[in-house]
Amino acid sequence: MGGMTADALNRLHRKPDRGGDRALLDEILDEVKVGTLSTVVDGLPWSVPMLFARDGDRILIHGSTGAGALRHVATGAPVTLTAFVLDGLVVADTLFDHSANYRSAVVRGTLDEVDVDPSHALDVLSDKLIPGRVDEVRAHTGKEIAATVVLALAIRDGQWITKARSGPPGEPSEPVWTGVVPTRIVYGEPVGATDGEIPASVRGLTTRD
């Protein structure tokens with residue numbers, strides 16, 4: 001059996017009408033906090049969830065300089081980063097037709113180590129998770145920078161794909177309730193580990209729509 005070609009990886013083979021454009025890709029990458037980074041290490045599949053952030057036309061991830069898997073992908077091993085948003089459960093009149101509203105993205109390529117101003121990359125990552133927190137704390141120290149590896153996955157044409165579904169289920173064949181149950185991620189009330197006023201950046205998470 002022949003291997004999968006790059007052209008085949010770039011096309012949706014089922015429901016191609018659900019494919020999206022670069023705007024959808026950016027939307028997903030900016031909204032999702034955790035993606036799954038996958039590659040092959042010594043002939044075995046390797047996949048791990050990781051925090052990430054989009055910085056223009058690249059995706060940034062980071063970890064400890066002692067992480068062996070990160071050193072492996074930093075040497076040019078091909079990778080994929082996947083991201084998924086569940087927008088709603090679609091309740092149909094039959095179990096077979098139940099579905100979900102969602103947005104998903106897969107970006108392929110190789111990771112390059114960010115060696116120019118890694119502190120900027122770390123700020124970008126931090127600001128995605130807790131917007132505004134960068135301005136509330138001290139700058140990164142040289143020791144912290146040295147202990148951290150920041151890798152960038154370039155977003156290149158022909159090396160990403162998106163897919164989405166939205167809307168209600170199809171017309172029911174029986175007179176039963178059908179519809180959509182929306183889903184979303186919300187932040188709860190912050191639980192302090194120290195005394196003091198909750199910072200604006202943290203409070204902003206709980207008041208954002």
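Trainee: In which strand is threonine 39 found?

Mentor: The model is predicted; local features need pLDDT of at least 70, side-chain atom pairs count only at pLDDT 80 or more, and totals for chains, interfaces and linings use all residues. Residues are numbered from 1 along each chain as its sequence is written, and side-chain values use heavy atoms, leaving out hydrogens and water. Strands are DSSP runs of E with at least two residues, and helices are runs of H or I with at least four, numbered from the N terminus. Threonine 39 belongs to residues 34–41, which form strand β1.

Trainee: Is threonine 39 buried or exposed?

Mentor: Buried means under 20% relative accessible area, exposed over 50%, and partly exposed in between, using a 1.4 Å probe and protein chains only. The relative accessible area of threonine 39 is 8%, so this residue is buried.

Trainee: Which residues of helix α6 are buried, and what do they line?

Mentor: In α6 (residues 200–207), the buried residues are Ser201, Gly204 and Leu205. Seen down the helix axis, with directions taken from the axis to the C-beta atoms, they fall within an arc of 105 degrees, so they line one face of the helix.

Trainee: Against which element do the buried residues of α6 pack?

Mentor: The face turned away from the buried side of α6 carries the exposed residues Ala200 and Thr207. The buried residues of α6 pack against α4 (118–129).

Trainee: How many Å separate the C-alpha atoms of threonine 110 and alanine 152?

Mentor: Threonine 110 lies in strand β6 (residues 99–113). Threonine 110 and alanine 152 are 42 residues apart along the chain, and their C-alpha atoms are separated by 8.3 Å.

Methods
Contact means heavy atoms within 4.5 Å.
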